[in-house]
Amino acid sequence: MSNNNTKSLQQIFSEIPLPFPSKFPDAQISGIAIDSRAVKPGTLFVAMQGGTVDGHDFIQKALDNGAAAVVGDRDLDGLSVPYIRLENPRRSLTWLAAAFYNWPARKLTVIGVTGTDGKTTTSNLIYKILIAAGIKAGMISTVNAVIGDETLDTGFHVTTPDAHDVQNYLAKMVDAGLTHVVLETTSHGWAQFRVDACEFDIGVVTNITHEHMDQHGSYENYRAAKARLFTSLEMTGEKPQGNPRLGVINRDDDKSFSFLNDHIKVNRINYGLGEEADVRAEDIEYSPTGIKFTAISKDFRVGASSKLVGTYNVSNCLAALTATVYGLGINPQVAAQGIAALDGIPGRMERISMGQNFTAIVDFAHTPNALKVALEAGRKMTRGRVISVFGSAGLRDKEKRRMMAETSAELADITVLTAEDPRTESLEGILEEMAEGARLKGGREGETFWRVPDRGEAIKFALRLAKEGDVVLSCGKGHEQSMCFGRTEYLWDDRIAMRAALAEFLGMDGPKMPYLPSQDKMEEEWLEE
C-alpha cells in the first residue's frame, strides 16, 4: 500500500494513542505493509504473529526489499533501519495506518455494519439510500470496495480487509471528494483491531447468532467482539460535519438485543417486525420476485418495496432505513427509493433462470440461522417443495455441521449434503457429522436426505429431483470464487456451477462445470497434497 505522500516515522508515532518507546531514529515513510513481498523502498514493515506465519521471520526479506523501518514485538537489535518494539503490533497497525494516511475517517461520516448474517446486504442498502439522497458515498464490504466509479475486489474468502488496506481505501475516498462511507465489519475485524481507527458515527448490528465459535471460544466472546462497534462510537471525536453517535439494533434478535441495549452508552434505536420496535414493518407481502411492506415509527409511515426476498430482508431494509433516517436525517421517502434501487447482491438469494419450470437459487447462507432464513424464504416462494444443497467447512466451527443439517431436515423437503471448503479435513467425516444431525431430526437417508460429496454432482442431483414449481437452493458459497481442498484453492463459482448443471439438465449449451478434485480423485490424494 503506498500513496504519493511521505511522512516521518516520528510524526506518525507522535499521533497514535498507544504507548511506544520514547527514542528511536527517524525515517521517511512512503507506505505500510504486513507482507514482506509487498514492501517497496520507504515502506514501514509491521511484523505480526499470525495463525500459521510469523512476520518476524520475514524481517530480512522486508529489509532486502527496501523497508525504511520495522515494527515488531521482539527484542531485536543490529537492524540497518529503525526498529520499534511495541507490545501489540497488530493493535498498533490500525493507528499507524490512520496516522500515515492523515486520519481519513475524521473527514468522513462513517457508518459501520456488523452482525452474523445480513451485513453485506444491509451495507449495500444503506449505500443505495445515501446515493438516492444525493450524498457522495463509498462502501467497503467483504465483497468489494466502491470508491466513486471505481470498484476494487477485496479478494477470496476475505473478512474485513486488513487495517492498513481499510485506511488506504478511506484515504482514496477523501481524495475522491466523498463525504460518507459504509463499512461492513466482521467479528474477526473487531477482534483483530482492524477497524479501531475508523471513527464510527453510526453502528448497525443485524443479528448475533451461532458462528465462529472455533475462533471466539464462546457466544459471549463473539458477542463482545461485535459489541466493540458500539463501544467505538463513544471514542469518536467531534467532526466538523458533526457525528450522530447512533447505535441501531435488531429488536427481534432475542439473544443479543437486551445485552446490546444495555451495552450502548450513546444514542440508540431499534427496528423489528414486532409492535414494540421503534421502527417496524406492517402489511408485509412476499413473492418470488421481492417484498413489499409499510415502515412505521412515531415519526413517519412510508411504503417500501425491494427486489430482495424473504422475511430477513424486511429486517435488513428496516435496519438501513432506521440508520439513515434517524442517523443522517434522510427523508423516509428518499430512503424507500434507495431500498427499491438495489437489484440484488451477488450470491445472495440470486435466482438462476435458464427456462426451467422450477426456481433455482444460489445463496451465501453458511450459518445455521442464515440457512434457516434462506429455507423459510424459499418456502414462501412456492407451494411446491424446497430442496436444499449445502455443506459445512473444514477446520471451522464443527458444531455448525450438525446444527445446519438439523435445520435443513426440519425446514426443507429434501436435503443434499455436499462439500464446502473441506480443507485438510476428511470430507467423508464432515458429511457423516452432518448426516447424524439430519437423522436426529427424523431425516431418512435415501428418502429425505442424500450425501453427494462432489458439489457439482450434488447440484445436478438436486435438479434431477426437482419438479415443476419446486425451489432448489444451493447454499454456502454465494459470491465466493474458490473452494479449498487440502491446501489448494480451486476456482469455483456456485452460480456458474448452477448454470452448468441447468444446461445439462435442459439439454442446452451452457458453461462447463468448474473442476474440483472430488470429481475424479480419491480423498486421500488431495488430503496429502
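The structure is a predicted model, in which local features need pLDDT of at least 70 and side-chain atom pairs count only at pLDDT 80 or more, while totals for chains, interfaces and linings use all residues. Residues are numbered from 1 along each chain as its sequence is written, and side-chain values use heavy atoms, with hydrogens and water left out.

**Overall form**

- The secondary structure comes to 17 helices and 24 strands, where helices (H or I, at least four residues) and strands (E, at least two) are DSSP runs numbered from the N terminus.
- The radius of gyration is 24 Å, close to the 24 Å that the globule rule gives for 529 residues, so the protein is as compact as a globular protein of that length; the radius is taken over C-alpha atoms, and the rule is 2.2 Å times the number of residues to the power 0.38.
- Of the 529 residues, 59% count as buried, a term that means under 20% relative accessible area, with exposed being over 50% and partly exposed in between (1.4 Å probe, protein chains only).

**Salt bridges**

- The structure holds 34 salt bridges, each defined as a side-chain nitrogen of Lys or Arg within 4 Å of a carboxyl oxygen of Asp or Glu.
- Asp75 and Arg85 form one of them at 2.8 Å, N to O, and this pair links distant parts of the chain, with Asp75 in the loop between β4 and β5 and Arg85 in strand β5, 10 residues apart.
- Asp75 counts as exposed at 67% relative accessibility, whereas Arg85 is partly exposed at 41%.

**Surface patches**

- Patches are made of residues with over 30% relative accessible area and no salt bridge, like charges being joined within 9 Å and nonpolar side chains (Val, Leu, Ile, Met, Phe, Trp, Tyr) within 5 Å.
- Phe505, Leu506 and Met508 make a nonpolar surface patch of about 240 Å², in which Phe505, a residue of helix α16, is partly exposed at 36% relative accessibility.

Key. Accessible areas come from the Shrake-Rupley method with a 1.4 Å probe; for residues, only the protein chains shown count as cover.
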